[in-house]
Amino acid sequence: MKHIKNTLESDGYVILEGFLTEKEIEELKQETNKLIQEMPEQSQRTVFNTITAQQNRDKYFLESSDKIRYFYETGALDPEGKLLVDPNIALNKIGHALHELNPVFRKLSFSEKVKEIAFQLGFEDPAIPQSMYIFKNPGIGGEVIPHQDAWYLYTEPKHVVGFWFALEDATIENGCLWFSKGSHKGGVHRRCIRNPDKSSDELLIYTAPAPTYQKSHFTAAPVPKGTLILIHGQVVHFSEVNKSEKPRPAYTFHVIEQKDNKYSEENWLQLPEGRQFLSLYKTN
Ligand code: FE2
């Protein structure tokens, strides 16, 4: 525990096996099963996956900071929002306020052991801006392209740190994380921001094309379930498609520093007027 700050600063990520108990893992998974039962009606799903309704789809995403919303895998819905696959494998993720609105996810996110990690990392007044449950279901769970989390949640001068909890064993076959060790030392390569051009249909844009990263620079991080991986906001990482027969679920949230630190107004994730991100140390 003493060295996690050093490891994060030298490697760009830290692997902490056995962070979650079996009971905590089960609670999170059972709660997610309940959330799947509460999946939105077909009419509400439509807005989301219709290619012609880019703006509506972006809007659904952009307004999810204080809600629990459902994001589907490509190919899981027809243009009318009808499920083309089993509802249990249709979702890509649920986000982005599980840590705030769902009691089970809230309990873990603001647990003493999470606070202790933030403290060890040197956070003085940390907050959690967002959380997600990632499904990565077999056969449909898509790849996540190489990226830095700072593309999406840009803060300065102290960068964001991702907390990623494996809820099943993550293996090379089922799409574990891969890291480019030390890549966090090379700055932020591009950003994903709210489009300043309000006349455009695209509400979100990248500030530069996707950089090319050499696959040979990446190391796989297969981990047993219950592992917490800490992810430096500037370390380049990705995950492949799930080629196995089983899901590779993970719960993840990000931690930002609020003391003498700026959260970019260009970030996609903004709370409604007058709201603040929940302080990690002051919330139970
Ligand atoms: Fe990431």
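What percentage of the 284 residues of the protein count as buried? The share is 54%, where buried means under 20% relative accessible area, exposed means over 50% and partly exposed lies in between, with a 1.4 Å probe and protein chains only.

## Basis of the model

This is a predicted model, in which local features need pLDDT of at least 70 and side-chain atom pairs count only at pLDDT 80 or more, while totals for chains, interfaces and linings use all residues. Residues are numbered from 1 along each chain as its sequence is written, and side-chain values use heavy atoms, with hydrogens and water left out.

## Overall architecture

The secondary structure of the protein comes to seven helices and 16 strands, these elements being DSSP runs numbered from the N terminus, with helices (H or I) of at least four residues and strands (E) of at least two. Because its radius of gyration of 18 Å is close to the 19 Å that the globule rule gives for 284 residues, the protein is as compact as a globular protein of that length; the radius is taken over C-alpha atoms, and the rule is 2.2 Å times the number of residues to the power 0.38. The C-alpha trace spans about 50 × 45 × 45 Å along its principal axes.

Among contacts between residues at least 6 apart in sequence, 82% join residues at least 24 apart, a contact meaning heavy atoms within 4.5 Å. The protein exposes about 13300 Å², of which carbon and sulfur atoms supply 51%; accessible areas come from the Shrake-Rupley method with a 1.4 Å probe, and for residues only the protein chains shown count as cover. The mean positions of the 33 positive and 38 negative charges are 2 Å apart, where Lys and Arg count as positive and Asp and Glu as negative, without His and the chain ends, and each charge is placed at NZ of Lys, CZ of Arg, CG of Asp or CD of Glu.

## The iron site

The iron ion is coordinated at 2.2 Å by His147 (NE2), Asp149 (OD) and His237 (NE2), and in sequence these donor residues are spaced H-x1-D-x87-H. Aspartate 149 lies in the loop between strand S5 (144-147) and strand S6 (155-156), whereas histidine 237 belongs to strand S13 (residues 237-239), so the pair ties together parts that are 88 residues apart in sequence. Donors are N, O and S atoms within 2.8 Å of the metal (3.2 Å for Na, K and Ca), and since water is not among the atoms, sites may look incomplete.

## Alanine 150

Alanine 150 is placed in the loop between S5 and S6, and at 4% relative accessibility this residue counts as buried. Leaving aside residues up to four places away in sequence, alanine 150 touches Val160, Val188, Arg191, Gly233 and Gln234. Proline 196, by contrast, is 46 residues from alanine 150 in sequence and 19 Å away in space, C-alpha to C-alpha.

## Backbone exceptions

Most residues other than glycine have a negative phi, and most peptide bonds are trans. A cis peptide bond joins glycine 95 and histidine 96, with omega about 5 degrees, and histidine 96 is found in strand S3 (residues 91-96). Another cis peptide bond joins glutamate 156 and proline 157, with omega about 0 degrees; proline 157 is found in the loop between S6 and strand S7 (161-166).

Lysine 136, although not a glycine, has a positive phi of about 45 degrees and lies in the loop between strand S4 (126-134) and S5, where it is buried with a relative accessible area of 4%. Aspartate 260 has a positive phi near 50 degrees and lies in the loop between strand S14 (250-257) and strand S15 (262-263), yet at 65% relative accessibility aspartate 260 counts as exposed.

## Two further loop positions

Isoleucine 172, in the loop between S7 and strand S8 (177-179), counts as partly exposed at 46% relative accessibility. Its C-alpha atom is separated by 6.3 Å from that of proline 222, 50 residues apart along the chain, and isoleucine 172 touches Trp178 and Ala220 when residues up to four places away in sequence are not counted.

Glutamine 276 is found in the loop between S15 and strand S16 (278-279) and is exposed, with a relative accessible area of 65%. Glutamine 276 and threonine 252 are 24 residues apart in sequence and 20 Å apart in space, C-alpha to C-alpha.
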